[in-house]
Amino acid sequence: QVQLVESGGGLVQAGGSLRLSCVASDRTFSRSAMGWFRQAPGKEREFVAVITWGGDSTVYADSVKGRFTISRDNAKNTVYLQVNSLKPEDTAVYYCAASTKGLRVRENFYDYWGQGTQVTVSS
């Protein structure tokens, strides 16, 4: 069974940066598209970014384009989300997820989820 563990969240001031990581426990990671989602208090979980299993294609939510970068290292079973120029609106729990169904932006296509890591951005 695939298990995902996120890390790297924290409290930062507006304009700051963080590097979020997600480590998978199963080799199926290498054949899965990996996505990042986030959920702010009182809000629905929303798509942030996704990367194909080969790392050759990415999709970003409009709200994070130019600021966030998703990448992966299949040899380490790890996906990253570099978050730059953070805004208070980016405050949320960030989740990584794996999809064996290919490149997807809808969360119902993801098979496995991590527990999330908190990102808090102060104004």
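Ile70 stands opposite Leu81 in strand E8. Strands E7 and E8 pair in the antiparallel sense over six bridges; two strands pair if DSSP finds at least two bridges between them. Strands (E) are DSSP runs of at least two residues, numbered from the N terminus. This is a predicted model: local features need pLDDT of at least 70, side-chain atom pairs count only at pLDDT 80 or more, and totals for chains, interfaces and linings use all residues. Residues are numbered from 1 along each chain as its sequence is written, and side-chain values use heavy atoms, with hydrogens and water left out.

**The sheet**

- Four strands form an open sheet in the order E1-E3-E8-E7, with antiparallel pairing.
- Its edge strands are E1 (4-7) and E7 (68-73), and each pairs on one side only.
- The twist averages 15 degrees from one strand to the next, with axes fitted as lines to C-alpha atoms and angles running from 0 to 180 degrees between N-to-C directions.

**Aromatic rings**

- The structure holds four aromatic pairs. Rings of Phe, Tyr and Trp (its six-membered ring) pair if their centres lie within 6.5 Å; planes under 30 degrees apart count as stacked, over 60 as edge-to-face and the rest as tilted.
- Phe37 and Tyr110 are edge-to-face, at 5.1 Å centre to centre and 80 degrees between the planes.
- Phe37 lies in strand E4 (residues 33-39) and Tyr110 in the loop between E9 (92-99) and E10 (112-113), so this pair ties together parts that are 73 residues apart in sequence.
- Both Phe37 and Tyr110 are buried (under 20% relative accessible area; exposed is over 50%, partly exposed in between, with a 1.4 Å probe and protein chains only).
- The ring centres of Phe37 and Trp113 are 5.0 Å apart and their planes stand at 55 degrees, so that pair is tilted.
- Trp113 is in strand E10, 76 residues from Phe37. Trp113 is partly exposed, at 24% relative accessibility.
- Ring pairs join Phe37, Phe47, Tyr110 and Trp113 into a cluster.

**Charges over rings**

- The charged end of Arg45 sits over the Trp113 ring, 3.9 Å from its centre. The cut-offs are NZ of Lys or CZ of Arg within 6 Å of the ring centre and within 35 degrees of the ring normal.
- Arg104 places its charged end over the ring of Phe109, 4.1 Å from the centre.

**Around Asp90**

- Asp90 lies in the loop between strands E8 (78-83) and E9.
- Asp90 is buried, at 1% relative accessibility.
- Leaving aside neighbours within four places in sequence, Asp90 is in contact (heavy atoms within 4.5 Å) with Arg38, Arg67, Phe68, Ser85, Val119 and Val121.
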